[in-house]
Amino acid sequence: MAQNLSGFHRALDLFEGLVAGVPRDAWDAPSPCEGWTARDVAGHVTGGQYLIRALAGGEPEPDIGRAPARFVPGDVLMGWRTARKECAAALTPAALGRPIPFGGLGELPLADYLEGYILEPLVHAWDLARSTGQPSRLDPDLVHHAFATAQVIAAPLRAEGHLAKPLPAPRGADEQTRMLAFLGRTP
């Protein structure tokens, strides 16, 4: 069973490009994620690659929200690329078909989970861009997909304290701005 994960890979490519563009002295810059630096954001998304690898192999999931900088202690780009490569190697056809728990929504195949996971690297790409002075315009097709995912998963994440309350979007705002406001970010 061949899986089309092009959106997932495009979101990772976007994130990687931003990691590569961070000035060496900007990793300690504050991010839009309260209490996190640019390095924490990069570490969180890097840890997400290890989380996906664990899901693919049926292994215990790492806590990617606690001390996320630990996933990128030295060269952030090298740490990201290593994690991404290891994750990609774990995404075999059998792993992509593996049912994984998805909160209160039951189980779904890992490939379907990854289609929704686009939201994670995409929104944190914006966070990283904002904290390091890079352009923060996101791929509109990915934004559209991620916004739909956000609307499905936001309530349980907010209930668990993992997502900020939505903010009002400016009148006539584009979809990226509406999505970011929905996720509690001020564009």
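# Pocket, salt bridges and a buried helix

Helix H7 gives the most to the lining of the largest pocket: 6 residues. That is where I want to start today. One caution first. This is a predicted model. Please keep that in mind throughout.

Let's look at the pocket. How much space lies in the largest pocket? About 1,500 Å³. Its lining is made of 40 residues. Which of them lie nearest the centre? Those are His44, Glu120, Ile153, Leu157 and His162. Find those five on your screen, and you have found the middle of the pocket.

Now the elements around it. H7 covers residues 140-159. Helix H2 (38-57), strand S1 (99-101), helix H5 (110-117) and helix H6 (119-132) join H7 here, and each of these elements supplies at least two residues of the lining. What kinds of residue line the pocket? The count is 23 nonpolar, 10 polar and 7 charged.

Next, salt bridges. How many does the structure hold? There are 8.

Pair one is Arg10 with Asp139. Their side chains meet in a salt bridge at 2.7 Å, N to O. This pair links distant parts of the chain, 129 residues apart. Arg10 sits in helix H1, residues 6-20. Asp139 sits in the loop between H6 and H7. Are these two buried or exposed, or something in between? Arg10 has a relative accessible area of 35%, so it counts as partly exposed. Asp139 is at 24%, and that makes it partly exposed too. The cut-off for buried is under 20%.

Pair two is Arg84 with Glu16. The closest N and O atoms are 2.9 Å apart. Arg84 lies in helix H3 (residues 76-90) and Glu16 in helix H1, so this bridge ties together parts that are 68 residues apart in sequence. Both partners are buried. For Arg84 the relative accessible area is 15%; buried means under 20%, so Arg84 qualifies.

Stay with Arg84 for a moment. What does Arg84 touch, leaving out residues up to four places away in sequence? The contacts are His9, Leu12, Asp13, Glu16 and Gln49. Asp13 and Glu16 belong, with Arg81 and Arg84, to a network of salt bridges.

Arg66 is partly exposed, at 49% relative accessible area. Asp63 is partly exposed as well, at 42%.

Now the cysteines. How many disulfides does the structure hold? The count is 0. A disulfide is a covalent bond between the sulfur atoms of two cysteines. Take Cys33 and Cys87. Cys33 is buried, with a relative accessible area of 11%. Cys87 is buried with a value of 1%.

On to helix H8, residues 175-182. Which residues of H8 are buried? They are Gln176, Thr177, Met179, Leu180 and Ala181. What covers them includes H6 and H7.

Let's zoom in on Ala181. Its relative accessible area is 2%, so it is buried. Leaving out residues up to four places away in sequence, Ala181 touches Pro166, Leu167, Pro168 and Ala169. Ala181 and Leu105 are 76 residues apart along the chain, and their C-alpha atoms are separated by 24 Å.

What follows H8? Gly184 does, with a positive phi near 85 degrees. A positive phi turns up at Ala67 too, at about 45 degrees, although Ala67 is not a glycine. Where is Ala67? Look in the loop between H2 and H3. Ala67 is partly exposed, with a relative accessible area of 43%.

Quick recap. The largest pocket has 40 lining residues, and H7 gives the most to that lining. There are 8 salt bridges and 0 disulfides. Arg84 is part of a salt-bridge network. Ala181 is buried in H8. That's my tour. Over to you.

Definitions and conventions
Residues numbered from 1 in each chain as written. Predicted model: local features only at pLDDT ≥ 70, side-chain atom pairs only at ≥ 80, totals over all residues. Heavy atoms only, no water. 1 Å grid on protein atoms, 1.4 Å probe; cavity = no way out; pocket = protein on both sides within 12 Å on 5 of 7 lines; lining within 4 Å. Points joined across faces, edges and corners; volume = space filled by probe spheres on them. Helix = DSSP H or I, 4+ residues; strand = E, 2+ residues; numbered from the N terminus. Nonpolar A, V, L, I, M, F, W, Y, C, P; charged D, E, K, R; others polar. Disulfide = S-S within 2.5 Å. Buried < 20%, exposed > 50% of the residue type's maximum accessible area, 1.4 Å probe, protein only. Contact = heavy atoms within 4.5 Å. Salt bridge = Lys/Arg side-chain N within 4 Å of Asp/Glu carboxyl O.
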